[in-house]
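Me: I would like to learn how to read the features of a structure. Please take me through them one at a time.

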Amino acid sequence: MKFRTWLQGELDKRKLSRREFCAMVGCARPTLTLWLLGDRYPSKPNQKAIVKALSDGSEALRTKLILEIWELE
């Protein structure tokens with residue numbers, strides 16, 4: 001699975017708008033657009049911020065998200 005497909009699925013699953021997600025992660029909307037188009041892949045610091053934002057404080061979910069991102073193309 002590609003990162004962009006995974007990320008869009010995570011946003012949809014959580015019913016997060018792009019604006020909300022960017023605020024949670026601390027990235028600019030154009031950056032998120034590049035990730036969702038598949039033109040860019042997030043840096044390690046951004047990957048960590050994505051996991052932190054999506055895990056909602058759950059260590060089990062954090063681990064699951066890390067493993068999922070690790071396996072993405």
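Me: What should I know about the model before reading it?
Reply: This is a predicted model, in which local features need pLDDT of at least 70 and side-chain atom pairs count only at pLDDT 80 or more, while totals for chains, interfaces and linings use all residues. Residues are numbered from 1 along each chain as its sequence is written, and side-chain values use heavy atoms, with hydrogens and water left out.

Me: How many helices and strands are there in the protein chain?
Reply: Helices (H or I, at least four residues) and strands (E, at least two) are DSSP runs, numbered from the N terminus. Here the protein chain has five helices and zero strands, giving the pattern α-α-α-α-α along the sequence.

Me: What does the radius of gyration say about the protein chain?
Reply: The radius is taken over C-alpha atoms, and the globule rule is 2.2 Å times the number of residues to the power 0.38. For 73 residues a compact globule would have a value near 11 Å, and the protein chain agrees because its radius of gyration is 11 Å. Along the principal axes, the C-alpha atoms fill a box of roughly 30 × 25 × 20 Å.

Me: How is the angle between helix 2 and helix 3 read?
Reply: Axes are lines fitted to C-alpha atoms, for helices over the stretch in contact, and angles run from 0 to 180 degrees between N-to-C directions. Under 35 degrees counts as roughly parallel, over 145 as roughly antiparallel, 65 to 115 as roughly perpendicular and the rest as oblique. Helix 2 (residues 18-25) and helix 3 (residues 29-37) pack at about 105°, with axes 9 Å apart, and are therefore roughly perpendicular to each other.

Me: Which residues in helix 2 meet helix 3?
Reply: Contact means heavy atoms within 4.5 Å. From helix 2 come Arg-18, Arg-19, Phe-21 and Cys-22; they meet Arg-29, Leu-32, Thr-33, Trp-35 and Leu-36 in helix 3.

Me: Is Leu-32 buried or exposed?
Reply: Buried means under 20% relative accessible area, exposed over 50%, and partly exposed in between (1.4 Å probe, protein chains only). Leu-32 lies in helix 3 and counts as buried because its relative accessibility is 0%. Leaving out residues up to four places away in sequence, Leu-32 touches Leu-7, Arg-18, Phe-21, Cys-22 and Cys-27. Over the protein chain, buried residues make up 32% of the 73 residues.

Me: What about Glu-10, is it buried or exposed?
Reply: Glu-10, in helix 1 (residues 3-14), has 4% relative accessibility and so counts as buried. Beyond four places in sequence, Glu-10 touches Leu-54, Leu-65 and Glu-68.

Me: How far is Asp-56 from Leu-32?
Reply: Their C-alpha atoms are separated by 19 Å, and Leu-32 and Asp-56 are 24 residues apart along the chain.
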